[in-house]
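Please work through each task before reading its solution.

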Amino acid sequence: MESLIKEAKLLAESGHREIVLVGINLAFYGQEYGLRLVDAVEECCKIDGIDRVRLGSLEPEIISNDDLMRLSRLSKFCPQFHLSLQSGSDSVLKRMNRRYTSDEYFQLVSRIRKIFPNAAFTTDIMVGFPQETEAEFYESLDFAEKVGFAKIHVFQYSPRKGTPAAKMAQHPKFVKEQRADRMKALSAELQRKYLKTLVGKTVPVLFERENCADYHQGYAPDYSLIKISRKKSKKSLRNFIFYVTIEEAHSDYCFGTIAEPYTKV
C-alpha cells in the first residue's frame, strides 16, 4: 500500500488528475495483507490533486456488497465497471474453467446498478472457443443484450500451447471471424443505445490531449467519450474538468456544450 500511495502522489505532483488501478486479478488485490481493493481506492481518493480514480478489468466472483457500498461513498470514484465475462453461455464458461455462471454475473450487475444507478458496464467476450456451438454463441449474444453493456471488447479465441483448450477440436478461422463480426455489431448497437441515455444529462468531463482542430474531447466518469466544439474556445482545455451538457449521441461518442467550470483551473 505504501508503494501505491507513493506512486499516486508522484502522479498527482506531475499534474495527473485521474489514475487507473490495474493489475492481473485486480479484484483480489491486498488479500495477502488482509486488505481489499476498495482499501487501495480509498487511499488514492485521499490524495490532493487526484480528482478521479478508475478501476481496470475486474473478476466478477470476488466483489462484495460491502466493497460496493464503500466505493459509493467516494466522490472521486468513477462508476465504470469492466467485468470480464468471456462468454454468456454457462457450458462454455465451465469449459473455460471460469468460477462463475451467467446468472451469478447478472446478479452482480444488478447489485451494482442498485448502488450505482448510472454505472456503465463494459466487458470482454471471447468467440470461437473450442467446441462452442452456434447455440452457445447465441446464448452469449442474448446475455450481452440482457446486461446492456456500454461496450464490448470482442476477441477471437487463439490456442495457447500447454492449455487444455489447445488440445480440443478447434473452429476454422472463418467461423471465429463471422462470430466476432456479429458480436461487434451487437456491441456497436448497445453502445449507441447507452450513449442515447446520456442526452440531456450534465456530466463532468476531464479533457485530454488536443488532437483535433474541430473538437475538444475528454471522458465522463463512466468513460464515455465527450466532444465539444472548439469554435468558441480555441485555447486548449487539456487537463481541465468542466461540466458538459450532453446534446447529441453518436455511434461512439456524445456531443455537448460546457455548462460551468467544475474544479480548479
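**Exercise 1. The cores**

How many residues does the largest nonpolar core have, and which residues have the most contacts inside it?

*Solution.* The model is predicted: local features need pLDDT of at least 70, side-chain atom pairs count only at pLDDT 80 or more, and totals for chains, interfaces and linings use all residues. Residues are numbered from 1 along each chain as its sequence is written, and side-chain values use heavy atoms, with hydrogens and water left out.

Step 1. A nonpolar core is a set of buried Ala, Val, Leu, Ile, Met, Phe, Trp, Tyr and Cys residues joined through side-chain atoms within 4.5 Å; buried means under 20% relative accessible area, exposed over 50%, and partly exposed in between (1.4 Å probe, protein chains only).

Step 2. The largest such core has 51 residues, and V41, L58, F81, L83, Y105, I112 and M183 have the most contacts inside it. Helix α2 (residues 37–45) gives the most to this core, namely six residues. Helices (H or I, at least four residues) and strands (E, at least two) are DSSP runs, numbered from the N terminus.

Step 3. Apart from this core lies another of 16 residues, including Y194, V203, I226 and I228.

Step 4. Beyond its neighbours within four places in sequence, F81 is in contact (heavy atoms within 4.5 Å) with L58, L68, I112, F116, A119, A120, F121 and T122.

**Exercise 2. Helices α6 and α7**

Determine how α6 and α7 pack, and classify the residues of their contact.

*Solution.* Step 1. The two helices α6 (residues 134–147) and α7 (residues 173–196) pack at an angle of about 10°, with their axes 10 Å apart. Axes are lines fitted to C-alpha atoms, for helices over the stretch in contact, and angles run from 0 to 180 degrees between N-to-C directions.

Step 1. α6 and α7 are therefore roughly parallel to each other, given that angles under 35 degrees count as roughly parallel, over 145 as roughly antiparallel, 65 to 115 as roughly perpendicular and the rest as oblique.

Step 2. From α6, the contact involves E134, F137, Y138, S140, L141, A144 and E145; from α7, it involves R179, R182, M183, L186, E189, L190 and K193.

Step 3. By class, there are seven nonpolar, one polar and six charged residues in the contact of α6 with α7. Ala, Val, Leu, Ile, Met, Phe, Trp, Tyr, Cys and Pro count as nonpolar, Asp, Glu, Lys and Arg as charged, and the others, Gly among them, as polar.

**Exercise 3. Two residues of that contact**

Are A144 and M183 buried or exposed, and which residues does each touch?

*Solution.* Step 1. A144 is buried, with a relative accessible area of 0%, and M183 is likewise buried at 0%.

Step 1. Not counting residues up to four places away in sequence, A144 touches I125, F149, I152, L186 and L190. With the same exclusion, M183 touches I125, V127, F137, S140, L141, I152 and V154.

Step 2. The C-alpha atoms of M183 and A144 are separated by 9.0 Å, although the residues are 39 apart along the chain.

**Exercise 4. Helices α2 and α3**

Describe the contact of α2 with helix α3 (residues 65–72).

*Solution.* Step 1. Their axes come within 10 Å and cross at roughly 10°, which makes α2 roughly parallel to α3.

Step 1. V38, D39, V41 and E42 of α2 meet D67, R70 and L71 of α3. These residues divide into three nonpolar, no polar and four charged.
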